[in-house]
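Please read it alongside the sequence and the model.

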Amino acid sequence: MSPPLILHLDACTDRFLTGGKAAGLARLIAEGFPVPPGICLTVEAYRLFLREQGMDAEALWSQVRDVEGAARASVLEDCRKRIQQGHLSNDCAFEVMRHLDTLRRPADQCWAVRSSATNEDNTRASFAGLYHTALGVAGNQMATNIQTVWASLWDERVVSYYERVGWSDRPPAMAVVVQPVLDARAAGVL
């Protein structure tokens with residue numbers, strides 16, 4: 001059986017499938033903390049998208065590691081551009097909206113589209129603030145914003161951070177968390 005492309009947050013228990021942020025939110029939900037409902041496009045959705053764009057993440061990651069300066073910047077820019085100019089399949093876009101509908105939010109709900117990379121929020125490195133987050137996203141802007149979060153994995157700041165904390169042989173993968181933007185009376189960070 002293939003890994004799922006989309007999960008509700010409470011089912012995001014495998015950080016290698018859903019990334020650090022989604023797995024952390026699932027733990028909070030399991031402990032009874034009030035976490036806004038949401039969904040996660042798993043790293044499998046990201047990998048499928050890359051394959052549909054003809055992108056080999058392993059080969060591209062190897063290129064990024066092997067070059068520096070302008071050559072590296074060029075590879076990274078090309079990756080971001082290909083991801084942002086690609087097209088989320090109609091099937092995947094439909095599934096995202098179908099899963100969001102199960103959250104029973106108002107039709108005009110605005111969403112937070114957040115990174116949940118496999119290398120994010122772990123004991124060795126946090127990658128805090130390096131990946132893209134979009135707030136106030138309307139449903140008709142969802143695909144574009146998901147792709148922007150995916151593209152943020154291929155940024156010079158991310159690569160520079162990797163150089164400081166130690167390279168990985170395998171490229172990181174990006175899951176995406178989608179939650180409603182709430183008009184909160186109070187909020188906190190744990």
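How are H4 and H7 oriented to each other? The axes of H4 and H7 lie 10 Å apart at an angle of about 125 degrees, and the two helices are therefore oblique to each other. The model is a predicted one.

**H4 with H7**

- On the H4 side the contact is formed by Arg-72, Leu-76 and Arg-80, which meet Glu-156, Val-159 and Glu-163 of H7.
- Sorted by class, this contact of H4 with H7 has four charged residues, two nonpolar and no polar ones.

**H4 with H3**

- Helix H3 spans residues 57-66 and helix H4 spans residues 69-85; they pack with axes 8 Å apart and at an angle of about 155 degrees.
- H3 and H4 are therefore roughly antiparallel to each other, and their crossing is left-handed.
- From H3, the residues Leu-60, Gln-63, Val-64 and Arg-65 meet Arg-72, Val-75, Leu-76 and Cys-79 of H4.
- The contact of H3 with H4 has five nonpolar residues, two charged and one polar by class.
- Arg-72 and Leu-76 of H4 take part in the contact with H3, and Arg-72 and Leu-76 also take part in the contact with H7.

**H4 with H6**

- The axes of H4 and H6 come within 8 Å and cross at roughly 165 degrees.
- That angle makes H4 roughly antiparallel to H6.
- The crossing of H4 past H6 is right-handed, whereas that of H3 and H4 is left-handed.
- Arg-80, Ile-83 and Gln-84 of H4 meet Gln-147, Thr-148, Trp-150 and Ala-151 of H6.
- The contact of H4 with H6 divides into three nonpolar residues, three polar and one charged.
- Arg-80 is in the contact with H6, and Arg-80 is also in the contact with H7.

**Burial of H6**

- Helix H6 covers residues 142-151, and eight of its 10 residues are buried, so it is largely enclosed by the rest of the structure.
- The buried residues of H6 are Met-142, Asn-145, Ile-146, Gln-147, Thr-148, Val-149, Trp-150 and Ala-151.
- Among them, Gln-147, Thr-148, Trp-150 and Ala-151 are the H6 residues that meet H4.

**Cysteines**

- The structure holds zero disulfides.
- Cys-92 is in no disulfide, and the nearest cysteine sulfur, that of Cys-40, is 11 Å away; a disulfide would need the two sulfur atoms within 2.5 Å.
- Cys-92 is buried, at a relative accessible area of 8%, whereas Cys-110 is partly exposed, at 32%.

**His-99 in H5**

- His-99 belongs to helix H5, residues 90-101.
- With a relative accessibility of 13%, His-99 counts as buried.
- Not counting residues up to four places away in sequence, His-99 touches Ile-6, His-8 and Ile-39.

- Arg-104 sits in the loop between H5 and strand S3 (111-117).
- Its relative accessibility of 73% places Arg-104 among exposed residues.
- Phi of Arg-104 is near 55 degrees, a positive value in a residue other than glycine.
- Most residues other than glycine have a negative phi.

**Arg-157 in H7**

- Arg-157 lies in helix H7, residues 156-165, and is partly exposed at 45% relative accessibility.
- Arg-157 and Leu-130 are 27 residues apart along the chain, and their C-alpha atoms are separated by 6.6 Å.
- Leaving aside neighbours within four places in sequence, Arg-157 is in contact with Gly-129 and Leu-130.

**Thr-118 between S3 and S4**

- Thr-118 is in the loop between S3 and strand S4 (133-137).
- Not counting residues up to four places away in sequence, Thr-118 touches Arg-15, Phe-16, Gly-19, Val-43, Pro-172 and Ala-173.

How values were computed
Residues numbered from 1 in each chain as written. Predicted model: local features only at pLDDT ≥ 70, side-chain atom pairs only at ≥ 80, totals over all residues. Heavy atoms only, no water. Axes fitted to C-alpha atoms, helices over the stretch in contact; angles between N-to-C directions. Helix = DSSP H or I, 4+ residues; strand = E, 2+ residues; numbered from the N terminus. Parallel < 35°, antiparallel > 145°, perpendicular 65-115°, else oblique. Left-handed = near helix turned anticlockwise from the far one by under 90°. Contact = heavy atoms within 4.5 Å. Nonpolar A, V, L, I, M, F, W, Y, C, P; charged D, E, K, R; others polar. Buried < 20%, exposed > 50% of the residue type's maximum accessible area, 1.4 Å probe, protein only.
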